[in-house]
There are 2 protein chains.
Amino acid sequence: MADSSTSESHYFSSNPPPPTLSQHTAQANAFVTHHHAHSRRVVLLTSGGTTVPLENQTVRFIDNFSAGTRGATSAEYFLSQGYAVIFLHRQFSLLPFSRHYSHSTNCFLDFLSEWGRIGEGEEGEDGGAATPDVVVKAKYRREMLSVLRKYRKAKEQKLLLLLPFTTVTSYLFTLRAIACEMRCLGNEALFYLAAAVSDFFVPPDRMAEHKIQSGDVPESTSGPSPGGGGGGKKLVIDLDPVPKFLKRLVEQWAPEAMIVSFKLETDPALLLKKCNQSLDRYAHHLVIGNILATRKYEVLFVEEGSAQWVRLPTSDGNSGGNEEVEIESLIVPEVIKRHEKMLARKAAIH
Amino acid sequence: MADSSTSESHYFSSNPPPPTLSQHTAQANAFVTHHHAHSRRVVLLTSGGTTVPLENQTVRFIDNFSAGTRGATSAEYFLSQGYAVIFLHRQFSLLPFSRHYSHSTNCFLDFLSEWGRIGEGEEGEDGGAATPDVVVKAKYRREMLSVLRKYRKAKEQKLLLLLPFTTVTSYLFTLRAIACEMRCLGNEALFYLAAAVSDFFVPPDRMAEHKIQSGDVPESTSGPSPGGGGGGKKLVIDLDPVPKFLKRLVEQWAPEAMIVSFKLETDPALLLKKCNQSLDRYAHHLVIGNILATRKYEVLFVEEGSAQWVRLPTSDGNSGGNEEVEIESLIVPEVIKRHEKMLARKAAIH
């Protein structure tokens with residue numbers, strides 16, 4: 001314990017805070033204060049992968065696979081259930097609402113068409129024919145309108161705060177700062193940690209200043225350094241483990257909140273074991289396990305003493321593969337049910 | 001030479017081709033044949049960063065910094081100059097035309113508004129009031145219309161072929177295949193290699209099958225393996241150099257084409273030297289050097305016997321920082337001028 005706490009303090013004192021930290025903290029403070037005053041529950045939702053830069057002036061980095069689908073989709077369902085959402089996300093990963101029209105096979109320009117005013121006698125600013133309207137094509141209109149209205153409502157009612165990060169270090173600094181801002185919410189606060197956070201990082205004192213040169217002679221044996229003799233040079237990257245911040249979050253940053261973490265594995269044989277390990281180690285409320293290949297169809301809810309699959313039904317009643325329904329529409333209500341149970345339990349005690 | 005050729009053959013025989021290869025090759029073949037028949041010049045434009053997976057079922061990977069801005073922007077200028085463009089790009093990186101409305105601070109939903117038909121007496125399919133139109137707001141209309149028309153023209157005239165890649169291996173297999181399809185174009189073909197390609201990779205025989213576990217005991221000393229004694233486990237990643245494919249492209253895959261490569265550095269003191277080294281080593285036509293911090297304002301054209309800065313002018317006549325003009329609007333015409341000079345020279349010889 002003393003050891004882990006020391007390594008966490010050391011992490012924050014030896015890595016530089018992101019330049020956006022004070023701005024993001026102030027935004028989170030205003031957001032939390034506003035919704036606390038309206039007795040609204042707040043979820044901090046993390047999404048997308050964190051990067052581990054290999055150079056100070058970063059050309060190369062290690063990344064974690066994540067488009068941010070789980071996070072962006074879940075955010076919409078939390079909003080629809082009345083939660084205010086702080087969306088701490090990897091810059092340029094999928095966002096709630098706009099996700100319906102990005103990263104798709106169709107370019108969003110394919111949804112638009114011109115709808116002429118030319119010839120209607122109206123004159124444009126330049127004295128010529130007016131610029132035609134650009135309208136969403138009829139066949140996409142109904143769905144776009146539904147997304148647009150939900151987006152507009154979230155925006156107008158200030159229910160969604162978008163805060164971006166890129167590196168694992170900026171993610172951890174920001175998570176800590178927001179958790180502290182959310183402490184006033186007590187157990188009305190929910191943490192839904194869907195981001196894919198790196199387990200390893202390059203300490204600043206071992207980071208190359210400039211782009212690592214493929215033809216360089218190695219200068220040191222630690223940190224990223226091209227090495228090897230003979231023809232082609234090899235690159236050896238030597239990474240340290242990121243301290244386990246979930247423990248610190250549960251015990252100190254957000255001791256009253258409900259905390260949900262995710263575990264992504266590729267080997268189905270390991271999933272339950274890894275989820276239970278995580279729950280044992282951090283003593284939080286819920287681990288949602290998922291397998292890379294099937295994560296859009298099924299997830300495993302692991303709590304103290306129980307493990308339960310949540311699966312998409314198919315038209316034939318079996319699980320697996322239903323394009324129409326998003327699994328987050330099942331996950332989020334299940335999480336909220338548990339949050340409400342926890343709130344009711346605490347209310348009964350007091 | 002024999003050594004490098006062997007390592008390149010070995011790369012292609014020991015790494016699996018991407019599953020999309022035959023489909024992308026067929027698309028490139030149809031595209032090239034069509035434009036060759038219309039005597040149109042074709043540029044193969046590469047864009048975005050390549051990934052290096054650390055696991056077979058990839059959770060973690062090494063990436064190169066690149067949103068794809070250089071490539072996506074350049075593609076629009078090549079199209080406006082009458083070239084047909086094969087856009088070989090990292091999946092989900094910026095695309096020509098849609099780049100104006102993605103990765104931006106504004107969500108594209110902010111550009112749209114409802115424009116009611118309700119109350120106009122028109123009935124919707126469901127018998128109720130008709131769904132309102134979704135229109136682009138007046139203040140964004142003119143610019144959106146201009147982008148939409150260029151996009152539509154490129155699409156209708158089949159001037160733009162979008163082919164995605166993710167890993168460095170799929171990039172290299174696809175580059176080789178398309179280069180061979182383009183050989184019929186002779187020196188009408190242009191290669192504009194703006195992608196940020198990894199110099200290092202993990203050979204398949206050293207790749208972990210499943211997600212590397214942060215708590216695992218190391219099983220081998222090569223490839224990615226968590227190791228180190230004591231408390232936290234370290235991760236050591238041991239990468240091999242990617243063979244230098246530019247040489248093979250210049251000498252064998254596209255011996256008649258004009259070939260332009262890019263060199264991105266962070267240390268200004270190294271830029272000219274690295275560009276000249278590249279030109280000496282591969283004997284192609286042009287290296288465009290750029291520095292990470294200033295790449296949007298200035299680039300260095302390095303050719304045999306000459307080096308020339310291309311810089312954005314500012315309103316006061318000095319270089320650096322002009323938000324209105326994109327530097328690709330200067331780069332692309334400079335490249336085309338050189339391509340035309342080369343075509344004229346070859347025509348004079350024959």
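**Ground rules.** I worked with a predicted model in which local features need pLDDT of at least 70 and side-chain atom pairs count only at pLDDT 80 or more, while totals for chains, interfaces and linings use all residues. Residues are numbered from 1 along each chain as its sequence is written, chains are lettered from A and ligands numbered from 1 in the order in which they are written, and side-chain values use heavy atoms, with hydrogens and water left out.

I took helices (H or I, at least four residues) and strands (E, at least two) as DSSP runs, numbered from the N terminus. Two strands count as paired if DSSP finds at least two bridges between them. Contact means heavy atoms within 4.5 Å.

**Entry 1: the sheet of chain A.** I traced an open sheet of eight strands in chain A, with mixed pairing and the order 7-4-1-8-12-13-14-15. Its edge strands are strand 7 (160–165) and strand 15 (306–311) of chain A, each pairing on one side only. Neighbouring strands here are turned by 15 degrees against each other on average, direction ignored. My axes are lines fitted to C-alpha atoms, for helices over the stretch in contact, and angles run from 0 to 180 degrees between N-to-C directions.

I then picked one pair from this sheet: strand 13 (residues 286–291) and strand 14 (residues 298–303) of chain A run antiparallel and are joined by three bridges. Opposite A:Gly289 I found A:Leu300 in strand 14 of chain A. Helix 5 (residues 168–181) of chain A packs on the sheet, where it touches strand 1 (42–47), strand 4 (84–90), strand 7 and strand 8 (189–193) of chain A. The direction of helix 5 makes about 165 degrees with that of strand 4 of chain A.

**Entry 2: a record to compare.** UniProt, in an unreviewed entry, places the feature "transmembrane region" at residues 159–179 of chain A. I kept in mind that UniProt positions are given in the numbering used here, that feature names are shortened, and that annotations may be inferred rather than shown by experiment. In the model, residues 159–179 of chain A are 57% helix and 29% strand, and the end C-alpha atoms of the span lie 18 Å apart.

**Entry 3: the sheet of chain B.** In chain B I read an open sheet of eight strands, order 7-4-1-8-12-13-14-15, with mixed pairing. Strand 7 (160–165) and strand 15 (306–311) of chain B stand at the edges with a single partner strand each, so one side of each has no neighbour in the sheet. The twist averages 15 degrees from one strand to the next.

Strand 8 (residues 189–193) and strand 12 (residues 258–265) of chain B run parallel, joined by four bridges. B:Phe191 faces B:Ile259 in strand 12 of chain B. Helix 6 of chain B packs on the sheet against strand 8 and strand 12, its direction making about 165 degrees with that of strand 12 of chain B.

Helix 7 (residues 271–282) of chain B lies across strand 12, strand 13 (286–291), strand 14 (298–303) and strand 15, at about 155 degrees to strand 13 of chain B.

**Entry 4: across the chains.** Which strands pair between chain A and chain B? Strand 11 (residues 234–241) of chain A pairs with strand 11 (residues 234–241) of chain B, antiparallel, over five bridges. The bridge partner of A:Ile237 is B:Ile237. Strand 11 of chain B also pairs with strand 9 (residues 200–201) of chain B, antiparallel, over two bridges. There B:Phe200 has B:Pro241 as its bridge partner.

**Entry 5: helix 5 against helix 6, chain B.** Helix 5 (residues 168–181) and helix 6 (residues 245–253) of chain B pack at an angle of about 15 degrees, with axes 11 Å apart. That makes helix 5 of chain B roughly parallel to helix 6 of chain B; angles under 35 degrees count as roughly parallel, over 145 as roughly antiparallel, 65 to 115 as roughly perpendicular and the rest as oblique. B:Leu172, B:Leu175, B:Arg176, B:Ala179 and B:Cys180 in helix 5 meet B:Phe245, B:Leu249 and B:Trp253 in helix 6 of chain B. These contact residues divide into seven nonpolar, no polar and one charged. For the classes, Ala, Val, Leu, Ile, Met, Phe, Trp, Tyr, Cys and Pro count as nonpolar, Asp, Glu, Lys and Arg as charged, and the others, Gly among them, as polar.
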